[in-house]
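My notes follow in the order in which I looked.

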Amino acid sequence: MDRPFFLFDKSDRSIYIISPLDSCVTSPAACFAVARLKPPGGHAMRTISFNTLVNAISELVVRTCVILPDDVLNAVGCALGAERHPVARSILGQIVENATIAREDSMPLCQDTGLAVMFVDMGEDVRVDGAGLEAGITEGVRSGYREGGLRMSVVRDPLRRENTGDNTPAIIHYRIIPGDAFRVLFCPKGGGCENASRLAMLSPGEGRDGVVRFVIDTVRSAGGRPCPPIIAGVGIGGDFERCAIAAKRSLFRKIGARNPDPFYAELERDLFTSLNALGIGPMGLGGGATALDVFVEAEPCHIASFPVAVNIQCHSARHGEINL
Ligand code: SF4
């Protein structure tokens, strides 16, 4: 063979040019130069194998349900250091002890191992082979909840209430991003704190004070139901559903990470102070530690609209991430 030939790889749409080399001294018949051309559009597709995705999601699910992130554990420790109420101190101490035992014995942090909420950032130049992305995430959730002995908390239908038996389907939010990165954020969202969350379509004239009133009123009405100390994720703007998604996504921030806009960072600090002045305390039994943090995310919105959502996260603020 003395002329180049071409191979087309269907998996990533790359074209390989294979050319014989004249100068090969050892075995001229077996010497080729291989060049890879990227597909039209400029980028070769990166392929993640279905099994790699399933195994990574399964491991993510188990790890996240067992290990309380360090930033949350530190925040509970700080709240314990500042707390004067004896019952509150005892509860915060038990939260720290529970997290230590869960990590050491690979036990779930809470009996409610939640609805599997996923935020997927998927590069436009990456794909999952085999049965594909959503099937891979679903199979990973199924496997993780079974392997980890985690509670199955999903019913197939909200009125007929039959348990699906494997904690699927997950709630999956997708975002397409440039490049070939692939990231999944996972939060097992407990029912108690999700049930205490609220959304309101305020009037634009209500402004900052309206947001403050709504957030405080939501946390006050929730009382001990969401297992405080809580983290409040607040979404402002967007439309009805985007506002709620922004509130939930904000809960993946690390404790103490302020909104980069100083205007919203100040709102977060003010809300944090106001919530901790409510006296609800750990598990609603009184004390200074009602909230561990408040995260605010703002989105552009319609001139006539002012949606505000408060997604409450309990003290068992489990969240994890994989990058493939
Ligand atoms: S709200 Fe959180 S801590 Fe309370 S039972 Fe549900 S998952 Fe557990």
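**Entry 1: helices α1 and α4.** I began with helix α1 (residues 50-66) and helix α4 (residues 133-147), whose axes lie 7 Å apart at an angle of about 40 degrees. I note here that the model is a predicted one. The α1 and α4 crossing is right-handed. I then listed who makes the contact: from α1 the residues are Phe-50, Leu-53, Val-54, Ala-56, Ile-57, Ser-58, Val-61 and Val-62. From α4 they are Gly-136, Ile-137, Glu-139, Gly-140, Val-141, Ser-143, Gly-144, Tyr-145 and Glu-147. Sorted by class, the residues of this α1 and α4 contact are ten nonpolar, five polar and two charged.

**Entry 2: the sheet with β5.** I traced an open sheet of four strands in the order β7-β5-β8-β13, and its pairing is mixed. Which strands stand at the edges? I found β7 and β13 (320-323) there; each has a single partner strand, so one side of each lacks a neighbour in the sheet. From one strand to the next the twist averages 15 degrees.

I went through the pairs in turn. Strand β5 (residues 115-123) runs parallel to strand β7 (residues 171-177), and seven bridges join them. With strand β8 (residues 182-189), β5 pairs in the antiparallel sense over eight bridges. On to the next pair: β8 and β13 run antiparallel and are joined by four bridges. There I noted Phe-186, whose bridge partner in β13 is Gly-320. I also checked what α1 does here: α1 packs on the sheet and touches β5, β8 and β13, with its direction at about 40 degrees to that of β8.

**Entry 3: the sheet with β10.** I traced another open sheet of four strands, ordered β9-β12-β10-β11, again with mixed pairing. Its edge strands are β9 (198-202) and β11 (291-301), each of which pairs on one side only. The average twist from one strand to the next is 15 degrees. Inside this sheet I looked at strand β10 (residues 230-238) and strand β12 (residues 306-313), which pair in the antiparallel sense over six bridges. Val-234 is placed opposite Val-310 in β12. Which helix lies across β9, β10, β11 and β12? I found helix α7 (residues 240-250), which runs at about 145 degrees to β10.

**Entry 4: helices α6 and α8.** I looked up helix α6 (residues 207-222) and helix α8 (residues 262-276) and found axes that come within 10 Å and cross at roughly 35 degrees. The crossing of α6 with α8 is right-handed. Arg-208, Val-212, Val-215, Ile-216 and Val-219 of α6 meet Leu-267, Asp-270, Leu-271, Ser-274 and Leu-275 of α8. I count seven nonpolar, one polar and two charged residues in this α6 and α8 contact.

**Entry 5: the ligand.** Last, I asked which residues surround the ligand. I found Cys-110, Asp-112, Gly-190, Gly-191, Gly-192, Cys-193, Pro-226, Cys-227, Cys-314 and Ser-316. This shell divides into five nonpolar, four polar and one charged residue.

Notes: Residues numbered from 1 in each chain as written. Predicted model: local features only at pLDDT ≥ 70, side-chain atom pairs only at ≥ 80, totals over all residues. Axes fitted to C-alpha atoms, helices over the stretch in contact; angles between N-to-C directions. Helix = DSSP H or I, 4+ residues; strand = E, 2+ residues; numbered from the N terminus. Left-handed = near helix turned anticlockwise from the far one by under 90°. Contact = placed C-beta atoms within 7 Å. Nonpolar A, V, L, I, M, F, W, Y, C, P; charged D, E, K, R; others polar. Near = placed C-beta within 6 Å. Pairing = 2+ DSSP bridges.
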